[in-house]
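Here are my notes for you, as one colleague to another.

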Amino acid sequence: MTLDPIHVEHIAQLAYGIASDVDTTDHDDLAGRVWDDWLPELRRDGRVVIEPVADHERRRVDVDDVALADRPFETVHGLDSGTINPTTFKNGLVVDVAHAAMAAEPSDLELHRARTIVATVHAGDTTSDFDDAWRERDAGYTRQRVLHAPRVNRYAEGVVHALALYLAEGTHALDHVGDVEELLVLDGPIYPKELFTWEDRDPELGALAREAKPRAVVENYVRLVERCIERDVPLAGFVKNPSSRTIVRTLSRAGFEPPWPDDTALFTALLERYADGDRVDDELSFTTWFHSRGGPDRRMAAGADALGIDRKLDPEQYEPTFFVLYDPRTDVTYKLEAPYAFACDPDIRDALTRQVLADVATTRGPPEAVGKADELARITATETAALRRKFEERFDSDRQSTYDDRRWGKEPY
């Protein structure tokens, strides 16, 4: 049964009542105060968690002008990893499969053919061992393996997902970073932040994060940073859906009650502009760069131990930095990350900023190389269903379905 028009109107009345109690102009004033008074040096427990790399400014640029500007990097490589999402079978196995690819702009079809595939398996049976060595397929263009996930009492789905996704992505990046000539942009953060959150979520997960297999996954990203530094090839991460809450949580702990659900909402309030009641949509607005040493990023701060992973260079070089970009045409806020090793150089920092501004102005979304990598790595719903059926046949066990699968028609069975 659907809602009748009268029900829709009743629900709308609730919205009117909520809106009458919210004055967003107050939020704008608060955002300005946070920018001026807190973000120049945001501290938590005595540590500086957010601070500018250099200038502390909000800037804007004409969309058409920056779209037509020369790109600092003529060749850009993008990298992404897609998964089928965790699948539980009636025999007790939990499986996820990840598939990573690198794309180039301009295109490099031979590079696009190369893939890294990882199947991660969690089993309740402690006597099972599914670990497999890397194997080559497709005349060497594809590398694949099975990883047996460490056993956990809870969070098995999250564990297999994170390990598959990041092992495929990090391995593929390391294997093909030698093909990158000027700039490598990951689709997402520069580190596997989901693994970094384990210590905060649950003691069992926290202990798991420091076991050999998860640490090896993180180490791939540490070595990737080092390889890029050695080759003088900047590494960045384009975050399409930034979800950090480092700033708003720190403000709350300090007794400042932020009205924003996360840092992205705060930056949107800082960068969104209106004139005569209408959003100004002919300019991109953006911040200058910040150090990030709070939340998941604190694991890679200079004073942290990086989960016990050996860093061959000055630990400060690995610290995440970022700037935030707002596109008023789509009302979307993005984040670009880079290790401090690159962001500390004002010329590289400026080049990364101008490159991403030009790309977003042109595509109304991610840089083209990132978009290509996303298309190459994505596993469609139809492909996911087919792969799950293959696993069912091989395991001689049906997938453990739920009522929601039937209700929402999640798979074309």
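1. Let me start with helix H15, which gives the most to the lining of the second largest pocket, with five residues. Helices (H or I, at least four residues) and strands (E, at least two) are DSSP runs here, numbered from the N terminus. Strand E6 (94–105), strand E7 (115–122), strand E9 (142–148) and helix H15 (381–395) each supply at least two residues of this lining.

2. A word on the ground rules: this is a predicted model, in which local features need pLDDT of at least 70 and side-chain atom pairs count only at pLDDT 80 or more, while totals for chains, interfaces and linings use all residues. Residues are numbered from 1 along each chain as its sequence is written, and side-chain values use heavy atoms, with hydrogens and water left out.

3. Back to the second largest pocket: its volume is about 430 Å³. Pockets and cavities are found on a 1 Å grid over the protein atoms alone: a cavity is a set of points where a 1.4 Å probe fits but cannot get out, a pocket is an open set with protein on both sides within 12 Å along at least five of seven lines, and lining residues have an atom within 4 Å of a point. Grid points are joined across faces, edges and corners, and a volume is the space filled by probe spheres set on the points. The second largest pocket has 15 lining residues, and Val 97, Ile 117, Ala 119, Gln 144 and Phe 391 lie nearest its centre. By class, this lining has eight nonpolar, two polar and five charged residues. In that count Ala, Val, Leu, Ile, Met, Phe, Trp, Tyr, Cys and Pro are nonpolar, Asp, Glu, Lys and Arg are charged, and the others, Gly among them, are polar.

4. Helix H15 also holds Ala 385. Ala 385 counts as buried because its relative accessibility is 1%; buried means under 20% relative accessible area, exposed over 50%, and partly exposed in between (1.4 Å probe, protein chains only). Ala 385 and Ile 84 are 301 residues apart in sequence, yet 8.5 Å apart in space, C-alpha to C-alpha.

5. The largest pocket holds about 1000 Å³ of space. It is lined by 40 residues, of which Pro 189, Lys 193, Glu 194, Ser 243 and Pro 296 are the closest to its centre. Helix H5 (156–176) is among the elements that supply at least two residues each, as are strand E2 (47–52) and helix H14 (368–377). The largest share, four residues, comes from H5. By class, you will find 19 charged, 13 polar and eight nonpolar residues in this lining.

6. How many cavities of 30 Å³ or more does the structure hold? There is one. Ser 244, Asp 263, Phe 267, Phe 322 and Lys 335 are the closest to the centre of the largest cavity, out of 14 lining residues. The space in the largest cavity is about 100 Å³. Its lining has seven nonpolar, five polar and two charged residues.

7. On charge pairs, a search of the whole structure finds 33 salt bridges (a side-chain nitrogen of Lys or Arg within 4 Å of a carboxyl oxygen of Asp or Glu). Lys 193 pairs with Asp 297, with the closest N and O atoms 2.9 Å apart. Lys 193 lies in helix H6 and Asp 297 in the loop between strand E15 (290–292) and E16, so this pair ties together parts that are 104 residues apart in sequence. Are Lys 193 and Asp 297 buried or exposed? Both are buried.

8. Arg 279 and Asp 331 form another salt bridge, at 3.4 Å between the closest N and O atoms. Because Arg 279 lies in strand E13 (residues 278–279) and Asp 331 in the loop between E16 and E17, the pair ties together parts that are 52 residues apart in sequence. Arg 279 is partly exposed at 30% relative accessible area, and Asp 331 is partly exposed at 38%.

9. Finally, the surface: Leu 14 lies in helix H1 (residues 5–19) and is exposed, with a relative accessible area of 56%.
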